[in-house]
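Here is a short briefing to read alongside the model. Please keep the viewer open and follow each topic in turn.

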Amino acid sequence: MHSINDLTTFCRKTTGDVPAKLVGASTTVVGSKMYLFGGRLVSERKMVSDLYVYDIESFNWERVPISPEDDVPRARYFHSADSWNNKLIIFGGMSNQPDSINPEELCVLNDVRFFDIETQHWLPASTSSAPAPDHLVPRARYAHLSSVTADRLFIIGGQDFNNTWLDDVCVYDLVSNTWVLRRDYPRHCGTYRSVAVSSNTTVRFPQEELRNSQSASTLGPPGQRFGPDNGSSPNTEFTSSNSLKHLPYSAPPTEEYPSDIYLYSNYNFTDVKRELEVFSPLPENDFAIQDKSSAMAGAAFPPGLRFPTGAILGTNLIIAGTYLAHSYQSFSIWVLDLVTMTWQRIDPGKAVETGSWFRGSVWAEANKFVIFGNKNGNLVDDYNRRLLSWDHVAVVDLEAFGVYQPPTLKIDIPMQELGLAALEEKVVADFDLICDDGRRISCSRKILEERWPWFLEQRKLFNEKVNQALARLPGNSSPSHLPMPELNGNATSEDPRVDPRLTSRALELSEPYPIVLALLQYFYTTALVTPLQHAPAVLSQLLMLSKNYSLSHLETLVKHAMHRALSNSTSVGVYEVATLCSCRSLQIRALKTVMQYTQKRPSRSRGGDKDGKPPGSSGSGGGGSTHDDPGAGGPGNDTQQISRPRGTSDARWRNMGNESSTNNSGYSEP
């Protein structure tokens with residue numbers, strides 16, 4: 001039987017210039033591309049400095065051609081690679097000793113090299129006008145950790161040529177191209193057991209920020225934000241700022257809200273120890289460290305993962321790596337919710353149950369996790385050789401597990417409130433939307449044209465028909481002709497002026513008043529902020545309208561709101577509308593919630609007991625298979641015990657008592 005988790009992951013064979021099997025190569029995702037650099041060829045035991053780019057959307061590999069004029073970095077493996085300002089940053093690693101008569105003689109590096117992604121050229125080795133003091137320059141190392149935040153490259157731990165742990169943190173200023181800080185860090189950190197990650201976006205929580213802020217709103221009281229005499233009806237209900245609901249959103253890091261570096265370590269794999277520390281950048285190149293190891297919680301914790309990789313996506317820390325036990329081996333993915341500090345396992349289903357999978361990366365733009373390997377390989381054998389394969393890729397839909405990057409704001413929160421006030425106070429209202437019950441909502445035609453592409457297209461079609469009708473009328477000599485009214489001032493427009501006497505003033509929509517109002521509130525605020533917009537039934541209708549009118553931003557906001565409001569009571573409705581709108585990730589997550597709820601819900605018995613249970617139910621936990629229980633109803637009872645099948649709706653379950661006992665469940669097993 002298939003698991004629902006099988007729907008979250010698929011596997012593909014990669015195409016193009018597929019790299020050879022490598023040891024110690026680096027991978028870095030930039031947009032929808034992943035860059036692979038360096039490594040040691042398994043077949044020849046030769047280190048390389050080749051650079052490949054993988055298109056995550058087309059599953060195609062391409063070797064990046066190198067210009068003869070480029071200063072290509074030395075071949076290396078177990079180095080680090082990061083991205084910053086559309087550049088790749090390579091640091092350190094192990095390489096062959098130059099000018100050695102022994103080709104097997106090795107050395108370690110401490111150089112910083114850049115590859116310009118836009119020009120596709122390696123930049124010359126960086127030289128600073130003011131070289132850093134020797135005590136700030138990191139010792140050469142390999143198998144270290146690295147991460148970028150606040151225009152600084154952090155190099156953490158690693159080992160030297162003699163495999164001695166280097167317990168320090170070195171900071172490189174990417175703007176001035178110089179080393180600016182070195183601090184002792186008394187922990188053993190390396191790629192075998194640890195991972196350090198950050199994100200180029202942060203997640204802001206406006207509800208908490210507004211709650212903690214002591215400053216009052218400067219927009220004025222509701223209903224008077226555009227002046228006391230604004231033309232609104234005295235019966236109009238105005239929305240107060242306190243009743244608005246602002247969802248978390250993504251934003252670039254700032255000094256006040258920086259992007260932290262999360263360093264996760266696991267070691268002593270027979271009795272796993274887990275550590276989590278947060279590096280927060282401070283002014284003047286310094287940083288603070290906070291230990292959050294004891295804050296981690298959850299029903300289950302990650303096992304010991306070897307050579308872990310990781311990333312930050314939204315408010316989640318993703319950790320993935322190879323899990324090896326005597327009886328079981330797998331590539332394991334875990335997610336730590338950084339708000340609740342609870343762990344959950346990501347089960348990718350059967351796609352990666354077999355084969356050799358080792359390197360995982362997050363594709364943040366699509367909320368996907370890509371895993372590279374060979375579906376026909378042997379995980380244990382390849383691990384023992386530290387071998388990385390690139391022949392196949394498995395793509396995991398993280399959004400189906402509730403792990404995703406929240407949308408960004410189009411306008412800031414004060415402007416959202418001001419836009420809502422403009423709608424409620426009927427500022428510059430020159431158009432009406434007519435609901436299915438005949439009620440009218442006044443609004444600005446200009447706002448609809450700028451933020452509703454379908455509406456603008458309909459306006460253009462209407463104007464074309466008007467011009468065609470005018471062309472068929474008698475000319476200016478006709479006594480019925482009246483000239484275009486004159487306009488005062490010097491107003492100009494790129495579009496030809498339309499006779500205001502022939503301009504549409506209203507549009508009829510076949511939607512109820514609350515739905516039309518919620519849609520207008522979105523057009524005025526470019527957000528979902530009112531209690532009306534967050535009502536489950538309204539969200540469902542807004543999702544369908546976003547699909548019908550191709551409003552991708554509204555669709556993203558609605559899915560974000562539905563994910564956050566998903567619960568046992570809303571899951572069925574969310575599943576239905578997500579199915580209608582082809583929102584696969586939301587559909588899968590809602591379906592899992594429905595199935596978990598129906599499995600946990602108590603089953604019911606035939607005969608209708610005093611608890612209101614349907615006939616035939618035993619009162620035991622639902623979700624199991626149908627079976628006989630001769631003693632359930634006492635002596636002489638021959639009714640069959642029945643449990644609620646997965647996915648059965650409440651209405652269907654209540655009516656199942658009327659069905660024949662020959663079909664116990666009313667549905668076949670899924």
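Helix α6 (residues 513-525) packs against helix α7 (residues 536-548) at an angle of about 65°, and their axes lie 10 Å apart. Please bear in mind that this is a predicted model. The protein chain holds eleven helices and 33 strands, and the topics below visit some of them.

**The α6 and α7 contact**

- The crossing of α6 past α7 is right-handed.
- On the α6 side, the contact is made by Ile515, Ala518 and Leu519.
- On the α7 side, Val538, Gln541, Leu542 and Leu545 make the contact.
- By class, the residues of this contact of α6 with α7 are six nonpolar and one polar, with no charged residue.

**The chain as a whole**

- Of the 670 residues in the protein chain, 48% are buried.
- The accessible surface of the protein chain amounts to about 33200 Å², and carbon and sulfur atoms account for 49% of that surface.
- If you take the contacts in the protein chain between residues at least 6 apart in sequence, 59% of them join residues at least 24 apart.

**A buried arginine**

- Arginine 445 belongs to helix α4, which covers residues 445-451.
- Is arginine 445 buried or exposed? With a relative accessible area of 14%, arginine 445 is buried, because the cut-off for that label is under 20%.
- Leaving aside residues up to four places away in sequence, arginine 445 touches Asp430, Phe431, Phe455, Arg459, Thr503, Ser504 and Arg505.

- Strand β25 (residues 316-324) is an antiparallel partner of β24, and six bridges link the pair.
- One of the bridge pairs joins leucine 313 to asparagine 316 in β25.
- Together β24 and β25 form a hairpin with two residues between them.
- In the turn of this hairpin, glycine 314 has a positive phi of about 65°.

**A four-stranded open sheet**

- Which order do the strands take in the open sheet of four? They run β14-β15-β16-β17, with antiparallel pairing.
- At the edges stand β14 (145-149) and β17 (178-184); each has a single partner strand, so one side of each lacks a neighbour in the sheet.
- From one strand to the next, the twist averages 20°.
- Five bridges join β14 to strand β15 (residues 152-156) in the antiparallel sense.
- Serine 147 has phenylalanine 154 in β15 as its bridge partner.

**A three-stranded open sheet**

- Another open sheet has three strands in the order β3-β6-β7, and its pairing is antiparallel.
- Strand β6 (residues 40-41) pairs with β7 in the antiparallel sense, over two bridges.
- Within this part of the sheet, arginine 40 stands opposite methionine 47 in β7.

Technical notes: Residues are numbered from 1 along each chain as its sequence is written. This is a predicted model: local features need pLDDT of at least 70, side-chain atom pairs count only at pLDDT 80 or more; totals for chains, interfaces and linings use all residues. Side-chain values use heavy atoms; hydrogens and water are left out. Two strands pair if DSSP finds at least two bridges between them. Buried means under 20% relative accessible area, exposed over 50%, partly exposed in between (1.4 Å probe, protein chains only). Contact means heavy atoms within 4.5 Å. Axes are lines fitted to C-alpha atoms, for helices over the stretch in contact, and angles run from 0 to 180 degrees between N-to-C directions. A crossing is left-handed if the near helix is turned anticlockwise from the far one by less than a right angle, and right-handed if clockwise. Ala, Val, Leu, Ile, Met, Phe, Trp, Tyr, Cys and Pro count as nonpolar, Asp, Glu, Lys and Arg as charged, and the others, Gly among them, as polar. Accessible areas come from the Shrake-Rupley method with a 1.4 Å probe; for residues, only the protein chains shown count as cover.
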